[in-house]
Amino acid sequence: MFGTITWNEKYSIGIEEIDSQHKKLFEILNSYYKNLVDSKTIGVTNDVMKDTINNLIDYATYHFREEEKLMNSIQGVDFSSHFRQHQDFCLKVATLKGKTFLGNDVSFELFDFVKDWLINHILVSDQQIGKALQINTTENTII
Ligand SMILES: [Fe+2]
């Protein structure tokens, strides 16, 4: 599934800080896509592609840490599979990045993987953070 990714309200998990980080991830992913297309037509240097991939990975890593801090602050919910999904993502992307940097042309595969993963992850797993936080807040209010 190629093409850029557009923010839509269905992606909102009801936590402004996380939503804006997801929007930023979409932006970075879209600029990665643009560079990717340019690299096949007008030519973008390998250094630019490497910078874009590193930028994407750095921001995703920062974002996961922020989400994990938030999950750790929510009581009574087991988020271990969510943490594992973040780890699996980082491993997969690191592998694809390694192949790309070695000269194998997997840059579209990397884009495709990140895009599909991000959409599914936000719609399923991240939505659970929003719900759990809502329940936690309500319980604390009642107490
Ligand atoms: Fe997540």
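Residues are numbered from 1 along each chain as its sequence is written. Because the model is predicted, local features need pLDDT of at least 70 and side-chain atom pairs count only at pLDDT 80 or more, while totals for chains, interfaces and linings use all residues.

The protein chain contains four helices and zero strands, and its pattern along the sequence is α-α-α-α. Helices (H or I, at least four residues) and strands (E, at least two) are DSSP runs, numbered from the N terminus. Of the 143 residues of the protein chain, 15% are buried. A residue counts as buried if 20 or more other C-beta atoms lie within 10 Å of its own, as exposed if 12 or fewer do, and as partly exposed in between, with C-beta atoms placed from the backbone. Among contacts in the protein chain with a separation of 6 or more, 67% are between residues 24 or more positions apart. Two residues are in contact if their C-beta atoms, placed from the backbone, lie within 7 Å.

Helix H2 spans residues 46-72 and helix H3 residues 80-101. H2 has 27 residues and reaches 39 Å from its first C-alpha to its last, close to the expected 39 Å. H3, with 22 residues, reaches 31 Å between its first and last C-alpha, close to the expected 32 Å. The expected span of a helix is 1.5 Å times one less than its number of residues. H3 is followed by Gly103, which has a positive phi near 105°.

H2 and H3 pack at an angle of about 170°, and their axes are 11 Å apart. Axes are lines fitted to C-alpha atoms, for helices over the stretch in contact, and angles run from 0 to 180 degrees between N-to-C directions. H2 and H3 are therefore roughly antiparallel to each other, a term applied to angles over 145 degrees, with those under 35 counted as roughly parallel, 65 to 115 as roughly perpendicular and the rest as oblique. On the H2 side, the contact is formed by Lys50, Ile53, Ile57, Thr61, Phe64, Glu68 and Met71. The H3 side consists of His82, Phe83, His86, Cys90, Val93, Lys97, Thr100 and Phe101. By class, this contact of H2 with H3 has eight nonpolar, four polar and three charged residues. Ala, Val, Leu, Ile, Met, Phe, Trp, Tyr, Cys and Pro count as nonpolar, Asp, Glu, Lys and Arg as charged, and the others, Gly among them, as polar.

The buried residues in H2 are Thr52, Ile53, Leu56, Ala60 and Glu67. Ile53, Leu56 and Ala60 also belong to the largest nonpolar core, which has eleven residues in all. Helix H1 (16-40), H2 and H4 each supply at least two residues of the core, and the largest share, four residues, comes from H1. A nonpolar core is a set of buried Ala, Val, Leu, Ile, Met, Phe, Trp, Tyr and Cys residues joined through C-beta atoms within 7 Å. Leaving aside neighbours within four places in sequence, Leu56 is in contact with Ile28, Leu29, Tyr32 and Val114.

Helix H4 covers residues 107-142. Within H4, Lys115 is buried, with 20 other C-beta atoms within 10 Å. Lys115 and Leu25 are 90 residues apart in sequence, and their C-alpha atoms are 9.8 Å apart. Ser125, also in H4, is partly exposed, with 16 other C-beta atoms within 10 Å. Not counting residues up to four places away in sequence, Ser125 touches His82 and Gln85. The C-alpha atoms of Ser125 and His82 are separated by 6.6 Å, at 43 residues along the chain.

Ala132 is a further residue of H4 and is partly exposed, with 17 other C-beta atoms within 10 Å. Ala132 touches Ile74 and Val77, not counting residues up to four places away in sequence. Gln134, in H4, is partly exposed, with 13 other C-beta atoms within 10 Å. Gln134 and Ile15 are 119 residues apart along the chain, and their C-alpha atoms are separated by 9.6 Å.
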